[in-house]
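Hi everyone, thanks for coming.

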Amino acid sequence: MKTIKDSPPISIAAIATQTGLSKRIVDRAIASLKEKAILSRIEAKNNATWVINKSES
C-alpha cells in the first residue's frame, strides 16, 4: 500500500520489482484489495492511477 500511496500511477510490474515479490503475488494481493473496495484504478488513456479508497482494517 505504501508503494501505491507514494506513486499512484505505478504499474503492477513496477510494484513487484520494488517489493521483490513476484508479479503473480502482487496481482493476487491487488485483486483482493479491489474486491474489498480498498483499492481501485482510474483508467485514462496512457495514464492510469491507483486510488486508495479506505485503509485496511
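Let me start with a question: how many residues apart are Asp27 and Lys23 in helix H3? They are four apart, and because of that spacing in H3 (residues 23-35), about one helical turn separates them.

Before I go on, some housekeeping. This is a predicted model, where local features need pLDDT of at least 70, side-chain atom pairs count only at pLDDT 80 or more, and totals for chains, interfaces and linings use all residues. Residues are numbered from 1 along each chain as its sequence is written, and side-chain values use heavy atoms, with hydrogens and water left out.

Now the terms. A salt bridge here is a side-chain nitrogen of Lys or Arg within 4 Å of a carboxyl oxygen of Asp or Glu. Helices (H or I, at least four residues) and strands (E, at least two) are DSSP runs, numbered from the N terminus.

By that salt-bridge rule, we get three. You've met one, so how exposed are its partners? Buried means under 20% relative accessible area, exposed means over 50%, and partly exposed is in between (1.4 Å probe, protein chains only). Asp27, at 22%, is partly exposed, and Lys23, at 47%, is also partly exposed.

Another salt bridge joins Lys2 and Asp6, at 2.7 Å from N to O. Both sit in helix H1 (residues 2-6), again four residues apart, about one turn. Lys2 and Asp6 are both exposed.

Then there's Glu43 with Arg41, at 3.8 Å from N to O. Glu43 is exposed at 61%, while Arg41 is partly exposed at 27%.

S1 (residues 39-42) and S2 (residues 49-52) pair in the antiparallel sense over four bridges; to count as a pair, two strands need at least two bridges found by DSSP. Leu39, for instance, has Ile52 as its bridge partner in S2. The two strands make a hairpin with six residues between them, and Asn46 in the turn has a positive phi of about 60°.

Finally, the inside. A nonpolar core is a set of buried Ala, Val, Leu, Ile, Met, Phe, Trp, Tyr and Cys residues joined through side-chain atoms within 4.5 Å. The largest one has 10 residues, including Ile4, Val26, Leu39 and Trp50. Helices H2 (12-19) and H3 are the elements giving two or more residues to this core, and H3 has the largest share, with three.
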